[in-house]
Amino acid sequence: MNTGKNRQFRLASRPVGDITASNFEYREEPIPQPSDGEVLVRTIYLSLDPTNRIWMSDRPQYMPPVEIGQVMRGVVIGVVEESKNPDFQKEDLVSGVLGWQDYALALGNTGLGISKLPSPLPCPLSAFVGPLGATGFTAYFGLLDIGQPKSGETIVVSAAAGAVGSVVGQIAKIKGCRVVGITGSNEKCRWLVEELGFDDAINYKTADLETALAKSCPNGIDVYFDNVGGAILDAVLTKINLDARIPLCGLISTYNATEPVPGPYNYSQILMQRARVQGFIILDYSSRFGEAIKDIGQWVNEGKIKYALEIVEGLENAPLAILKLFNGNKIGKLAVKVSEEPV
Ligand SMILES: NC(=O)c1ccc[n+]([C@@H]2O[C@H](COP(=O)([O-])OP(=O)(O)OC[C@H]3O[C@@H](n4cnc5c(N)ncnc54)[C@H](OP(=O)(O)O)[C@@H]3O)[C@@H](O)[C@H]2O)c1
């Protein structure tokens, strides 16, 4: 809805522990006008991601933190409303790291980069906040490049019913692996096994994790795709096989910590099993996103990758919606619908 204004959330304060609504300041500003070289983008979907919590803090990280007073940074799927850049036309669909606002200027001196979505779209637009967006690419490159799964191996993934984890498990199934997901509710466990075809799923909130892993992974664990860190990583380390690979994707169990977090207690297993742990940041793969779009797009269209979206309506609800990432109160990818898709 074009209200003639640009509604925004700016970072008001850095969270201590959990994010609260008071960490954001709501503002209304005039819709900005593009200068030469710039493009005005209307936000359609605002992706909410655990990394938003990292950007809100001033701990050492892979991008500069959002400064107090700046528009909150966020990944956006949007449409070009006005272009003064020859490479973009009005109505082009684009994605980019823009912000929690109705409209953003991209390119030019703002430094905010955008890229065009494929035309025609191979899948519904909303899939580009899900498996065909950054979280899908994270699953694809983290699993295939770093995890290097082989047919017949056992893959365990944590935060398995989330945006990254649900795609990791399905790609591992496509590659012929035994797949076990770890997640935080029986409903999510059922979704993973009955809808997505995981071989087994463990509710880490109710199970004794080491016992459950031993039962679900009778041949041990060859690849552990770590989205979580903490106690789940420690339990998995007790079951890894010789030459195991551990793509270190995220550490969501630590993002709200107010005290320094101890390292894994079972670190010695990395030595004993000659395992390889490798951290990665998906931005480093940006020149290869086309490969992921081609494969994931095909798998989505063939029904081999299914996805769930938790779409919250309205930009005004973003500060509360983001809490769902940390209380686990959603299945699949979390995003806010800020305005209507073009017809
Ligand atoms: N390296 C990269 O470039 C990159 C890119 C994207 C994402 N990531 C990372 O990947 C991970 C998953 O991201 P996502 O976007 O797919 O999020 P998501 O899984 O869709 O949502 C987060 C999920 O984490 C689980 N969780 C929250 N607190 C937890 C805790 N204390 N212990 C265990 N599980 C907890 C919750 O599910 P449950 O019900 O299962 O608890 C929640 O639904 C995050 O760590 C994120 O930072 C990394």
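Is aspartate 243 buried, exposed or partly exposed? With a relative accessibility of 46%, aspartate 243 counts as partly exposed. For the cut-offs, buried means under 20% relative accessible area, exposed means over 50%, and partly exposed is in between, with a 1.4 Å probe and protein chains only. Aspartate 243 sits in strand E12, and its phi is positive, near 65°, in a residue other than glycine.

Before going on, a word on where this comes from: the model is predicted, so local features need pLDDT of at least 70 and side-chain atom pairs count only at pLDDT 80 or more, while totals for chains, interfaces and linings use all residues. Residues are numbered from 1 along each chain as its sequence is written, and side-chain values use heavy atoms, with hydrogens and water left out.

**The parallel sheet**

Six strands make up an open sheet, in the order E10-E9-E8-E11-E12-E13, and the pairing is parallel. Strands (E, at least two residues) and helices (H or I, at least four) are DSSP runs, numbered from the N terminus, and two strands pair if DSSP finds at least two bridges between them. Strand E10 (200-203) and strand E13 (276-279) are at the edges with a single partner strand each, so one side of each has no neighbour in the sheet. On average, neighbouring strands of this sheet are turned by 15° against each other, direction ignored. Angles here run from 0 to 180 degrees between N-to-C directions, with axes being lines fitted to C-alpha atoms, for helices over the stretch in contact.

Strand E11 (residues 221-225) and strand E12 (residues 240-248) run parallel and are joined by two bridges. Isoleucine 221 has isoleucine 240 in E12 as its bridge partner.

**Helices on and around the sheet**

Helix H6 (residues 230-237) packs on the sheet and touches strand E8 (154-157), E9, E11 and E12, and its direction makes about 170° with that of E11. Contact means heavy atoms within 4.5 Å. Six of the eight residues of H6 are buried, so H6 is largely enclosed by the rest of the structure. Those buried residues are Ile232, Leu233, Asp234, Ala235, Val236 and Leu237. They pack against E8, E9, helix H5 (209-216), E11, E12 and helix H7 (268-272).

Helix H4 (residues 186-195) lies across strand E9 (178-183) and E10, running at about 170° to E10.

Then there is helix H3 (residues 163-174). Its 12 residues should span 16 Å at 1.5 Å a residue, and the end C-alpha atoms are 17 Å apart, which agrees. The expected span is 1.5 Å times one less than the number of residues. In H3, 10 of the 12 residues are buried, so H3 is largely enclosed by the rest of the structure. Among the buried ones are Val164, Val167, Val168 and Ile171. After H3 comes glycine 176, with a positive phi near 85°.

**An antiparallel stretch**

Strand E3 (residues 38-47) and strand E4 (residues 75-83) run antiparallel, joined by eight bridges, with leucine 46 opposite valine 76 in E4. E4 also pairs with strand E5 (residues 93-97) in the antiparallel sense, over five bridges. There, isoleucine 77 has serine 95 in E5 as its bridge partner.

Asparagine 85 lies in the loop between E4 and E5 and is buried, with a relative accessible area of 12%. Leaving aside neighbours within four places in sequence, asparagine 85 is in contact with Gly37, Glu38, Val39 and Leu107. Alanine 104, in strand E6 (residues 103-107), is also buried, at a relative accessible area of 2%. With the neighbours within four places left out again, alanine 104 is in contact with Val39, Leu40, Val41 and Leu98.

**Around the ligand**

Of the 28 residues around the ligand, Lys188, Tyr204, Tyr255, Ile282 and Lys330 come nearest. A residue is near a molecule if one of its heavy atoms lies within 4 Å of it.

| Residue (backbone atom) | Ligand atom | Distance |
|---|---|---|
| Glycine 184 | oxygen | 3.0 Å |
| Asparagine 227 | oxygen | 2.8 Å |
| Phenylalanine 280 | nitrogen | 2.8 Å |

**Two loop details**

The peptide bond from serine 119 to proline 120 is cis, with omega near -5°. Proline 120 is in the loop between strand E7 (114-116) and helix H2 (134-147).

Definitions and conventions:
Polar contact = N/O pair within 3.5 Å; in protein donor to acceptor, adjacent residues only side chain to side chain.
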